[in-house]
Amino acid sequence: MCHKLHLNVTLAHCNFSLRGVESDGDETFVKALAETLDIAVYTKRFNTAAYAKAHKCSIQMAARELRYNWFSTLAEQKGFDFILTAHHADDNLETFLINFTRGTGLEGLTGIPETNGKFVRPLLPFSSHAIANYAKSHSITWRDDSSNASVKYLRNKLRHEVVPILKAINPSLLQSFQSTLGNLKDTADIVTESTNAVLKRAITTIDDTHIAFKISEFKKVNNPKAYLFEVFKDYGFTEWNDMVALLDAETGKQLFSNTHRLIKNRAELLLTHIQKSEDEVIKIAHRESITQTPMGTLHIKTGDEVTETPAQSIHVDADKLQFPLYLRKKKTGDVFYPKGMQGKKKLSKYFKDEKFSLIAKENTWLLCDKKNSIIWVVGRRADARFTVDKNTTKILTIALQANTVYDQ
């Protein structure tokens, strides 16, 4: 059809190596078609079974990931504008039924999107029967994938055993289904608009470490569970009753998905990526230095006097420091002597008194000397043991040119 419309098209074919001679025959068929139509063709073979085993997923999911990843890479490398796939109305109905039987939200019931980025599905309005009739009337040959006859896959079981019964009950099933999809998509637009309105009021902070949401905005709506679902479904969360309970949980309570966590922090919910638990340490070997850190650039330079400096800097007595210095995260049992306070204090107690959120605690860095004594809770509080006094003869200014100011 694209060729008849004189579109500038190229063929791309995946050989998943799952059906032996039959798979190779499919590849040969596509190459022959390209030669007949005098258009370019790209083919790629995959060890689909090995990929599925390595990624612990089904054969069908493995094949899907492999082809979509390759199509996207090919389109980017060759500068193609669109990737057309031949999904049709029966595919759409089957996808709807699969999502329905597994349990889903409104989005899962709106079917296969006609466009999704570069992917376009121009045959979605047409039934498989109409497409087959077109092929026959135009003497177009095709190949049947023998695996489509097997009912061991859920999609095939629905195609062969469920859909025929539904069509017998309602011969106009696909037309009715298309109308239903239109209604559901209209409803989905309303849901999106309403959700965006709540998000506009609820989000208070977005930075490199987290997104903060005001709990009160979720409690104002008639159905908090529904809004929590719409807001957080794409982050992998599934336990929606637990999500609702989190609104009234104690500060510090956390919920986890495979990729994200949600933390109750007083009047807010904090969403953050799950970070690898690696103890990163940055060594600073010399007094005069400029060091790149996750927070920004740390400058250390000598001077003769205390001058007015920005909040993200401290003056220390150079003779009280033992190099190398180290930047690290908090550890259990950390203590320091906060400047302006009497005596020492546990770092955990300091965090609590200053009302640090869990995320703020995890993203606060400590500047320490070679004995692991805290010199500076970076950007927050200097340690009194290292500050300038009347006996100081050499001053060091330590300043952070920050990338991000972390919200408490």
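## Strands 6 and 7

Two strands are said to pair if DSSP finds at least two bridges between them. With that in mind, welcome to this predicted model, where strand 6 (residues 203–206) and strand 7 (residues 211–214) are joined by 3 bridges. The two strands run antiparallel.

How many residues does the hairpin use to join strand 6 to strand 7? The link is made through 4 residues. To find your place in this pairing, look for Ile203, which stands opposite Phe213 in strand 7.

## Where two helices cross

Now turn to helix 2 (residues 48–55) and helix 3 (residues 59–78). Their axes come within 9 Å of each other and cross at roughly 105°. Angles of 65 to 115 degrees count as roughly perpendicular, and helix 2 and helix 3 are therefore roughly perpendicular to each other.

Which residues meet at this crossing? Helix 2 brings Thr48, Ala49, Tyr51 and Ala52, while helix 3 brings Ile59, Ala62, Ala63, Glu65, Leu66 and Asn69. Sorted by kind, the residues of this contact are 7 nonpolar, 2 polar and 1 charged.

## The cysteines

How many disulfides does the model contain? The count comes to 0. A disulfide would need a pair of cysteine sulfur atoms within 2.5 Å. For Cys2, the nearest cysteine sulfur belongs to Cys14 and is 17 Å away, and Cys2 is in no disulfide. Cys14 is in no disulfide either: its nearest cysteine sulfur, that of Cys57, is 15 Å away.

Are Cys2 and Cys14 buried or partly exposed? Cys2 counts as partly exposed because its relative accessibility is 24%. Cys14 has a relative accessible area of 10%, so this residue is buried. The cut-off behind that reasoning is that buried means under 20% relative accessible area.

Notes
Residues numbered from 1 in each chain as written. Predicted model: local features only at pLDDT ≥ 70, side-chain atom pairs only at ≥ 80, totals over all residues. Heavy atoms only, no water. Axes fitted to C-alpha atoms, helices over the stretch in contact; angles between N-to-C directions. Parallel < 35°, antiparallel > 145°, perpendicular 65-115°, else oblique. Contact = heavy atoms within 4.5 Å. Nonpolar A, V, L, I, M, F, W, Y, C, P; charged D, E, K, R; others polar. Buried < 20%, exposed > 50% of the residue type's maximum accessible area, 1.4 Å probe, protein only.
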